[in-house]
Amino acid sequence: MLRNSILNVRHKELGSLLNGDTWNNMPIPWSYKSDADEEVIAVRTRAGLYDVSALNILNVSGPDATAVVDQLVTIDVTKMEPGTSRLAAEVDETGALCDDIMVICDAPNQFRLSHGSGATPQQLEKLSQGKNVQIAADLDVHILSLQGPKSLEVLNPHLDFDLETLPYFRHLDAKLFGCDIKIARGGYSGERGYEVYCSADDAIHLWDMILEKGQPFGVIAASWDSLDLTRVEAGLLFFPYEMPEGDTTPWEVNMGWGVDLDKPGDYIGKAAVLASKGKERFKQAGIICMTAEAVEPGSRITHDGKDIGVVTSSSYSNYLMQSLALVHLHPDHIAIGTQLMVEGKQPVKAYVAKMPFYDPMRLRTHPEQQK
């Protein structure tokens, strides 16, 4: 069933036709009248406001909620405290990644699962059989994501608490411009940012007020084309584009941080995913291509004429002035500086680069580390 963001009226005013590919059954503002590269500059130097309401949100609650969510993902959910969130690997019975997922703990036995276009609903349905748990898709929630170094200065004066005290991957209930919201520190841009979870009734008011109060700081609305540019620059993965094989394991895309090896309980695919550790057929990496255009996703990568990998996502970054690609490479060819060829419509020379391409120390998202 097609969903629609209440903010579509604003997206159309900004020039979006909302007639491109949908994501999670929602039309997406892929582009505005503004230039996507200029939007990237805004996000990197000021702040950009995204509508990411197309994320799927599942509310999971009840006496067995913790046990059910703990069996869904590879992290130890039993250790999560209210107000915290964690990205996790979610695998199927074969140990292959089957969705993007973030586990958000609101209270004991009360979770929100933010997930992509994968198998989360089906896996939850199986796990909930015979359990005292309630699972419901939140079709009302809208998510406004303000990303960029000025995001704190824009939002903080209008909240009922000191936003600077909110750590990364933490969230809480708050009031913003008179509306009840949940606000989380995070995002998908490689910058400091915040996500505002609100009702559909409040979304337009909050969108307008954030842009109004952000105007003196140079804040603008930003399209999903610019979001994709920033996430490639920041080396952030997107399911299923970075998992084209269909049986990709967490270890092959450097998601070992999303698997708690000491987790005592059982979960879907536990034996298979643990057994696959150390047996990676390829590794996620980044390459810089010697061209002024984005190479084509799906292009073969060769070394001395031998196939050694594939391009999963790509972009030409005007901000970094480089052609970037996220790739899967044979483990023997991931050393930084390794010379490669991308076999697209026209062969292009490339080399393996340090990841992420932008802010490799992640100091933009974690500026506290500089202190």
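Below is a short chat about this predicted model.

Q: Hi! How many helices and strands does the chain have?
A: Hello! The chain of this predicted model has 8 helices and 19 strands.

Q: And how compact is it for its length?
A: The chain is as compact as a globular protein of that length, because its radius of gyration is 21 Å, close to the 21 Å that the globule rule gives for 371 residues. Along the principal axes, the C-alpha atoms fill a box of roughly 60 × 50 × 45 Å.

Q: Nice. What share of the residues is buried?
A: Buried residues account for 52% of the 371.

Q: What about contacts between residues at least 6 apart in sequence?
A: Of those contacts, 67% join residues at least 24 apart.

Q: Switching to helix 7: is it enclosed or open?
A: Helix 7, residues 224-233, is largely enclosed by the rest of the structure, because 8 of its 10 residues are buried.

Q: Which ones are they?
A: The buried residues are W224, S226, L227, L229, T230, R231, V232 and E233.

Q: Which residue follows helix 7?
A: That's G235, and its phi is positive, near 65 degrees.

Definitions and conventions. Residues numbered from 1 in each chain as written. Predicted model: local features only at pLDDT ≥ 70, side-chain atom pairs only at ≥ 80, totals over all residues. Heavy atoms only, no water. Helix = DSSP H or I, 4+ residues; strand = E, 2+ residues; numbered from the N terminus. Rg over C-alpha atoms; globule rule 2.2 N^0.38 Å. Buried < 20%, exposed > 50% of the residue type's maximum accessible area, 1.4 Å probe, protein only. Contact = heavy atoms within 4.5 Å.
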